[in-house]
Structure formats: structure tokens, C-alpha cells
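My notes follow the structure.

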Amino acid sequence: MVDVTTDGLESGNAASRFSPAYKNLVLTLLTLAYTLNFIDRTIIATIGQAIKVDLKITDTQLGLLGGFSFAILYTVLGIPIARLAERWNRVSIISLALLVWSGFTALCGVAVGFGQLMMFRVGVGFGEAGLSPPAHSLISDYFDPKKRASALSVYSFGIPLGTMFGAALGGWLAKTYGWRVALMVVGAPGIIMAILVKLLVKEPPREAAAPKLSVSSEFSELASVASKLFLNWPVLNMILGVTLVSFAGYGSGQFIAPYFIRAFGLDYAQAGLVVGLIGGFSSGVGTLVGGFATDWASKRSGRWYALIPAIGTAISAPLYIAAYLAPSWQTAAATLLLPGIFAYTYLGPTFGVVQNVVGARQRATATALMFFILNLIGLGLGPPFIGWLIDHLAQFSFTHPGPHHIVSALHQAFGEPGMGAKFAAACPGGIAPKGSGPAALGACRSALITATRQGVIIGYCFNLWGAFHYLLASFGIAGALARGKAGATA
């Protein structure tokens, strides 16, 4: 955990009221809540192949379940919940959110079709919208500015932890009991966590009672926070960077477990274990390294808040590509140990910047505004885009068997209307219909494997675009942080 002194915060010296041990307890509980958040959010990626085969859906629909259906309310409700968190009890908001999203996750297990499953996934997003904005705000009250990147990277460690446990447990449950049981089981622990958070986490006192604002004043305050983020060139580039890297991570990540199942014949449990342990380890190391390295390097120059994620995400792209060109699952899995270590260095620095350029009563709102852009584009559009891409590339591979250049495949796959629909008709759920001969079975399988590999690789190329924006941010981020600190203490 973060080694904390009692330096105090600019907001009423709130951090000095609590012992280092208690602060770390709070950070642990919030990290565990975020872990459950990501288990319930990303489990569709692990059990998606089982859902696809059972419900006979396309990869575009699978992407909608993993991305857009979740993101639609998650992004819209984040801002009003954040405004509520600026003046209401943040601990209560988090506890209620845990109950809501856990209940809807369990309900996903009783869905009878794609439409109903998508509705329940919307409910999961509704609940999960209530965690990160108040959690970021709480952490920023408990930890002083020089340690926020580290503290927020520890909280963000819930992402790889959730991905790891969700993949390993979800895969095993899907193989042993089916995908419906998997969803019901992973939803249950959230109820216990909701009780623990409510009983053990204290709402830290803020420097003054929040003023009651009129509707026009609320919009004015929202505009003030938005201007500090989106009209501030280096901060805007940080947010564009995290959005594009998240687009790659959510989009391609949705199809990692399906790729191992499709390409190498792994079962759900094996694929979940590979994706969970290897992906969770590498991204977990990267998340922690990014936060602590930034807090250390930023003592010399604030530019490192942007340079560390710029370097890390740029290095990760060719490593991801190498992994998905590997000839065996063992080589692919071993290669995947590396890119996450570099790619996930972006979380702590980006979240730290967003918290440090706004005032104490603007932090939850700042997080919500960042997540609105990040999740609307990264989570909402990433998985369905990659799924849609795979559907079209699969049709090209199906009608043009044999090796072909990825650029040629893209050009021709989108040159003919209805490409994806034709593949879906010939290979429902990605496999040939019952009673098909070996040629049809092989054609469907080969086309889906090739398309999945190409779609995932294209998705991870967005990391390079994100790295470019982080590089642009590095030219002014030190000044932006200095101005944010001056404004907070004014």
C-alpha cells in the first residue's frame, strides 16, 4: 500500500485526521470494490464465446453486450452522481451502487435472449456509475497531492485484479456449470462488500458545507470543471490519450479469450486462466509501476505525468501484435506477459492529473467528466467496433480462403454491402450448422480465427495514437499542474 505521512491536504488538512493504517484500510476496501466492479463489467469477455454459441449471436452483438449496453447509462449517470457526491455522503453512494450492479449481474444469468441480456447489462452499468467518481474524490481527500498518483494507481489495481479473477473464475464456472451460473455467482460478493464499505469507511470532513446551488449554478459549476479539463490543452491530450488506449484495451480485450478458444481450441476454463493470470499479472504490474514511477519522477519534472504513459503505451503496441501473430497458445501467452506492463502505466498518472488540476469539491465531477468521454468512446464503442470489424473480416476470409494482406482484407471486406450478415448466415454463432461437412466446418473455423486475430491486432494499434496524445501533453502538463495547485490553495 501507499506509505502515507500526515502532510495534509489543501482542503482543510483532512488527511491528517486519519492514521496511515486507516487510510490504507480505506484504500484496500475501495480497491476491492473496484475489483468486483471489473469482474462484473468484463466477465462477458471471458464467457462471451459460450453466450455466442448458445444464443447464436454475432461478434457485433457480443461487442454490444460487453461495451455499449453497459456504457450507455454508465456514462450518462456518472455526471449527476458525481454532482451528488460533491455534497452528499460518498460512502453511502458507493454502498448503494454496489448493491445495484451486483443484483443486475446476477439477473443476467436468467436472461432468455439477447435483448433481455442487453437490458440487464444496461442495469449493471447503471449501478457501476456510482463507484469511481465518489471513490476518486474520497481517495483525494485521504491522500495529499504528491501521493495521489500512487494511491489512485493502487485503486486502479482493481482493474487487473478484476480482470484476472473474473477471467479465471468465470471461465471455470462457464465450463463446469454454464455461463448463466457464472453470472449469478460473481454477482453475489458485491452485497457483502456493500455492507463492509458502509460500516468501515468514514466520510472525511470537507472544509465547508457544500453550498446549495440552483440549476443554473450547477451547470455553471459543471462548465467550470469541464473548462479545466477540456479547454486546457495538455490535460485534454491526457484525456484523449486515456480514451484511445482504453478503446484499444476494451475493444480488443473483449475478444482475447474468444481468440484463444477459437485459434487454439482451449476450453473456457483454460482460456480464462490464461487471460486472467497472464493479463492480470502484467497489467497489474504496469498499473502500480505507472503510479509510483510517476510520483517519483515528477519530483524532477511534471512532464513525467505524460511521458511515462507515452513511452509505455507506444512500446506496448508492437508487443501486442507479436503476441497475436504467435503460432501457439504457449508462445502467445508468454509474449502477453510483456505488453500489459508497459500499456497500463497510463492509469495512475492520468487519474492523478485530473484530480490535481481541480478544486477539492470538483474532484468527483472531474472524474465523471473524464469517464464520460473515456467510457462513451473506449468502452461504449470499442468492443462493438472490434466485433463489427471481425464480422466483416470473417466474411472476407470465408469467401477468400488462404493467406492475404490485412490491408487488402480491410479494403475488400468493406467494399461489398452485407458482408458480415452473409458470414453470420453461413456460420451462425461462428460455427457451421449441425450436419455440415468437414469443408464447411473448416471454412467457418478458419475464417473466424483469421478475422479475430486481425481485428484484435487492429484494435491494439490505437495504443500508438494514444501515445501520440500523451507526448503532446508532455509539453505543457507541468504548467497545468502548477496552475491547478495554485488555484486549489488560492
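These entries cover a helix contact and then the charged pairs.

I worked from a predicted model, where local features need pLDDT of at least 70, side-chain atom pairs count only at pLDDT 80 or more, and totals for chains, interfaces and linings use all residues. Residues are numbered from 1 along each chain as its sequence is written, and side-chain values use heavy atoms, without hydrogens and water.

Entry 1, helix pair. I looked up helix 1 (residues 20-55) and helix 10 (residues 189-200), whose axes come within 10 Å and cross at roughly 155°. The two are therefore roughly antiparallel (an angle over 145 degrees). I found Tyr22, Leu29, Leu32, Ala33 and Leu36 of helix 1 meeting Pro189, Gly190, Met193, Leu196 and Leu200 of helix 10 (heavy atoms within 4.5 Å). I sorted these contact residues into nine nonpolar, one polar and no charged.

I counted seven, taking a side-chain nitrogen of Lys or Arg within 4 Å of a carboxyl oxygen of Asp or Glu. Glu128 pairs with Arg41 at 3.2 Å, N to O. Glu128 sits in helix 5 (residues 114-128) and Arg41 in helix 1, 87 residues apart. Glu128 is buried at 0% relative accessibility (buried is under 20%, exposed over 50%, partly exposed in between; 1.4 Å probe, protein chains only). Arg41 is buried too, at 3%.

Asp141 meets Arg363 at 3.0 Å, N to O. The pair links helix 6 (residues 132-142) to helix 19 (residues 363-399), 222 residues apart.

Key. Axes are lines fitted to C-alpha atoms, for helices over the stretch in contact, and angles run from 0 to 180 degrees between N-to-C directions. Helices (H or I, at least four residues) and strands (E, at least two) are DSSP runs, numbered from the N terminus. Angles under 35 degrees count as roughly parallel, over 145 as roughly antiparallel, 65 to 115 as roughly perpendicular and the rest as oblique. Ala, Val, Leu, Ile, Met, Phe, Trp, Tyr, Cys and Pro count as nonpolar, Asp, Glu, Lys and Arg as charged, and the others, Gly among them, as polar.
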